[in-house]
Amino acid sequence: ILAPKAFYALIAEPDREINRRTRALRGMDKSDPQYRDLFVERKALSQQLMKDIHALYHLTNFKGETRPLTEVFPQRQGSEKGDKNIPTGVGECCAPKLLNYAALNGLKPRGLSEFYFGKESKSGQRRHGQFYPACKEKCQPILGFMLCGTEEWNDGSMDCGINGKEESPTIQSSDIPIIHSDDDIVVVVKPSGLLSVPGKGPENRDCVVARVKEMFPDGPDHPEVHRLDMDTSGLMVLTRTKEAHRELSRQFHDRETKKRYIALLDGELSEESGTIKLPFRLDIDNRPRQIYDPVHGKLGITLWKTLSVANQMTRVEFVPITGRTHQLRVHAASEHGLKTPIFGDRLYGSGTAPGQLKLHACFLQFRHPATGKKMKFSSDPDF
């Protein structure tokens, strides 16, 4: 995929210039006017170097087409080929390297799965013997092009994923249940595996917000007032007016709303109920995973109780008092929490694909933003 000689020849001079500025910055006070200039120069050199490195990468598919990575990686809105929107490390995983080798040597893949072998990482993101799908930010966006020419693509129904030819997924509003709507709000049941809000790139355009806006196009640009993780299913309320958005956002911020979740844990609990108070924060090396941190973490509080135990699994009810990112998933899986991950959790358990997580927002209560009437909604999980 990348010629080593060309790589080392390319980086030699830029590396010297970047390191020279780095050494100068170490000996300077940040208040020095030259500090900012050197910092900006170093950043520009680094960004340009990454563009040049990406241009060296060439990928070959099973139609015999070879193209540079800067053409294959999907462009994001407002970006240009080869810019910093291509993450570092794209093309360096086993799957694209093996597929590139196969395409160059006339081999046809029948299947490919990647497993991690080795010591578990400190964050727990990589566990020995576990299967991991292609990472969403790096390998997944280029596999469409690399697999072009295999049997799945031969019928001509799928595009090769070249920039400028990629179509946005069709948004289907019919498969998201609406359980209440009026002039101010919409309450839906989000399916597992669907984003709450649009993600990065056209491939992640489909989401609850996009589907609701398609059905109610006269609403605000951002009708969401809270979110559920992609793999979490259950109740969400969205707004149809700016006034309703402002009032419901205030209620969620001031913790005037009430929420309950049902989860199926991958193991048996001996306790009946309790309160989890656990500080955690973002793992900056493994986004979006959250990790326990008693020093820098923000406190998350969850009430829980066991509903039933069967088949080496425990059905629990969670009542979040705070609303931290991944709070229930972290509180379930952490050694400082219940020590039992939610079944199908791709980040903190043994889940391998979207839609497997058994976590459902089953109850939601708030006051109607226009009338002040107490609104209660319930939804049973499908597990």
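In the predicted model, helix α1 passes helix α2 in a left-handed crossing. The axes of α1, which spans residues 4–26, and of α2, which spans residues 33–56, come within 9 Å and cross at roughly 165°; because angles over 145 degrees count as roughly antiparallel, the two helices are therefore described as roughly antiparallel to each other. On the α1 side, the residues making the contact include Phe 7, Leu 10, Ile 11, Pro 14, Ile 18 and Leu 25, together with charged positions such as Asp 15, Glu 17 and Arg 21, while α2 contributes, among others, Tyr 35, Leu 38, Phe 39, Leu 45, Leu 49, Ile 53 and Leu 56. By class, this contact comprises 15 nonpolar, two polar and six charged residues.

Among contacts between residues at least 6 apart in sequence, 60% join residues at least 24 apart.

The largest nonpolar core contains 36 residues, and those with the most contacts inside it are Val 188, Val 208, Leu 265, Phe 318, Ile 342 and Leu 359. At least two residues of this core are supplied by each of the strands β4 (185–190), β5 (233–239), β6 (258–265), β7 (273–282), β10 (313–320) and β11 (359–367), and likewise by each of the helices α7 (208–215) and α9 (327–333). A second, separate core consists of 19 residues, including Ile 11, Leu 49, Ile 86 and Ala 102; of these, Ile 11 of α1 and Leu 49 of α2 also take part in the contact between the two helices.

Methods: Residues numbered from 1 in each chain as written. Predicted model: local features only at pLDDT ≥ 70, side-chain atom pairs only at ≥ 80, totals over all residues. Heavy atoms only, no water. Core = buried A, V, L, I, M, F, W, Y, C linked by side-chain atoms within 4.5 Å. Buried < 20%, exposed > 50% of the residue type's maximum accessible area, 1.4 Å probe, protein only. Helix = DSSP H or I, 4+ residues; strand = E, 2+ residues; numbered from the N terminus. Axes fitted to C-alpha atoms, helices over the stretch in contact; angles between N-to-C directions. Parallel < 35°, antiparallel > 145°, perpendicular 65-115°, else oblique. Left-handed = near helix turned anticlockwise from the far one by under 90°. Contact = heavy atoms within 4.5 Å.
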